[in-house]
Amino acid sequence: MPISAPADSVAAAIAEERLPDVLSLIHRDGFGHNAQVVRPERGRTIERLCRAGLDSSTAMELAKRERPVVLIFAPERVEAAEIVL
């Protein structure tokens, strides 16, 4: 389930096997240049998500799923980005 951050972005923890499909949809719908993947194995996931603009409780919720987190920065298009994720 996608989680909206303060009106400018949306984030979701995505299963590794679904990531290629999700990234294809993101690019197809024109969000590719505004997307970022945060991988838990690289460490400091919560810190990285907070730096990207998510509040700490949202960052913790996503990080505890131990999956890649896809962030889409989409001012004015958050609802469309949520549909993709």
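The following legends describe close-up views of a predicted model.

**View A. Buried residues of helix α3.** Helix α3 spans residues 56–63, and its buried positions are T58, A59, L62 and A63. Seen down the axis of α3, these buried residues fall within an arc of 130°, so they line one face of the helix.

**View B. Salt bridge between R65 and E61.** The side chains of R65 and E61 form a salt bridge, with an N to O distance of 3.1 Å. R65 is partly exposed, its relative accessible area being 31%. E61 is likewise classed as partly exposed, at 29% relative accessibility. Elsewhere in the model, salt bridges that share partners connect E16, R39 and E41 in one network; part of this network is the subject of the next view.

**View C. Salt bridge between E41 and R39.** E41 pairs with R39 in a salt bridge whose closest N and O atoms lie 3.7 Å apart. E41 is exposed, with 57% relative accessible area, whereas R39 is partly exposed, at 24% relative accessibility. Both residues belong to the network that also includes E16.

**View D. Salt bridge between R28 and D29.** R28 and D29 meet through their side chains in a salt bridge, the N to O distance being 3.0 Å. A relative accessible area of 61% places R28 among exposed residues. D29, by contrast, counts as partly exposed, with a relative accessibility of 30%. A search of the whole structure finds eight salt bridges, including this pair, the E41 and R39 pair and the R65 and E61 pair.

View E. T45 is part of helix α2, which covers residues 45–51. The relative accessibility of T45 is 12%, and T45 therefore counts as buried, the cut-off being under 20%. Leaving aside residues up to four places away in sequence, T45 touches V38, R39, P40 and A63. Two of these contacts link this view to others: R39 is the salt-bridge partner of E41, and A63 is one of the buried residues of helix α3. T45 and K64 are separated by 19 residues in sequence, and their C-alpha atoms are 9.5 Å apart in space.

Conventions:
Residues are numbered from 1 along each chain as its sequence is written. This is a predicted model: local features need pLDDT of at least 70, side-chain atom pairs count only at pLDDT 80 or more; totals for chains, interfaces and linings use all residues. Side-chain values use heavy atoms; hydrogens and water are left out. Buried means under 20% relative accessible area, exposed over 50%, partly exposed in between (1.4 Å probe, protein chains only). Helices (H or I, at least four residues) and strands (E, at least two) are DSSP runs, numbered from the N terminus. The arc is that of the directions from the helix axis to the C-beta atoms. A salt bridge is a side-chain nitrogen of Lys or Arg within 4 Å of a carboxyl oxygen of Asp or Glu. Contact means heavy atoms within 4.5 Å.
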